[in-house]
Amino acid sequence: MGTRRTEIERHLPEEEIDELLRATKDDRRLRRIGFVKNLYRGDTIPEAADREGRSPATGTRWASAWNEGGFDELMPDFGGGRPAKLDDTEKEELLDLLRKGQPWQAQEIDRLLDDEFGVEYHSNYLGTFLRNLGLSAMKSPANASDRPPQRAEAVGEDDGEASDEAEPSRGSHERDTGRRWVVDEDD
């Protein structure tokens, strides 16, 4: 391996790094802490990176981050993922709207989300989102005459009516036909 040595800041005593190594369960964090430990022990950046299964370029980035700000710089937030499309307040507003006119078809909820909140969920994810929100899917009887005739009341509109003949919104699947969603009140 290379012989290039970079001066490493000693932000923590080696004993604290050992404690962090013992306490860490996350492999990504463990590799980074191990990398620093290797540097403390005298490895070059390429050697320390190689011991952790990483490239010398990654080792250089990690060493720079460590030198700039210790673990705060070295450990990115691994929370990951996209931010939620609806915050907690908007989710409560949605639940209130859904309670007013249940049961709902997926395509109606899809339309409501777009009209009221300006968000769209992929049809493959909508059911998961609704279950996580606290709704349950139920099969409707063959004759769906129990469905409220007008959705506009639930969202406070008085200039239009939702009808059964309305064209399905984007993302509705045939497998959702006949399924109604209701808010679980066990929460």
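Predicted model: local features only at pLDDT ≥ 70, side-chain atom pairs only at ≥ 80, totals over all residues.
In this protein, of the contacts with a separation of 6 or more, 69% are between residues 24 or more positions apart, where contact means heavy atoms within 4.5 Å. Residues are numbered from 1 along each chain as its sequence is written, and side-chain values use heavy atoms, with hydrogens and water left out.

The protein has eight helices and two strands, and along the sequence they follow the pattern α-α-α-α-α-α-α-α-β-β. Helices here are DSSP runs of H or I with at least four residues, strands are runs of E with at least two, and both are numbered from the N terminus. Of the 187 residues, 36% are buried; buried means under 20% relative accessible area, exposed means over 50%, and partly exposed lies in between, with a 1.4 Å probe and protein chains only.

Let me begin with Asp43, which sits in the loop between helix H2 (27-40) and helix H3 (45-51). Asp43 has a relative accessible area of 14% and is therefore buried, and its side chain makes a polar contact with the side chain of Arg51 at 2.5 Å. A polar contact is a pair of N or O atoms within 3.5 Å; within protein, one must be able to donate a hydrogen and the other to accept it, and residues adjacent in sequence count only if both atoms are side-chain atoms.

Next comes helix H4, whose buried residues are Thr58, Gly59, Trp62, Ala63, Ala65 and Trp66. Seen down the axis of H4, these buried residues fall within an arc of 165°, so they line one face of the helix; the arc is that of the directions from the helix axis to the C-beta atoms. The face turned away from the buried side of H4 carries the exposed residues Arg61 and Glu68, while the cover over its buried residues includes H2, H3 and helix H5 (71-74). Just after H4, Gly70 takes a positive phi of about 65°.

Which residues of H6 are buried? They are Leu94, Leu95, Leu97 and Leu98. Because these residues cover an arc of only 165° around the axis, they lie on the same side of H6. They pack against helix H7 (106-117), helix H8 (123-133), strand S1 (135-139) and strand S2 (179-183), whereas the face of H6 turned away from its buried side carries the exposed residues Asp88, Thr89 and Lys100. At the start of H6, a side-chain oxygen of Asp87 reaches to within 3.1 Å of the backbone nitrogen of Thr89.

Between H6 and H7 there is a loop that holds Pro103, and a cis peptide bond, with omega about 5°, joins Gln102 and Pro103.

Finally, the axes of H7 and H8 come within 11 Å and cross at roughly 85°, the axes being lines fitted to C-alpha atoms, for helices over the stretch in contact, with angles running from 0 to 180 degrees between N-to-C directions. H7 and H8 are therefore roughly perpendicular to each other, since angles of 65 to 115 degrees count as roughly perpendicular, those under 35 as roughly parallel, those over 145 as roughly antiparallel and the rest as oblique. Where they meet, Ala106, Ile109, Asp110 and Leu113 in H7 face Leu126, Phe129 and Leu130 in H8. Ala106 counts as buried at 8% relative accessibility.
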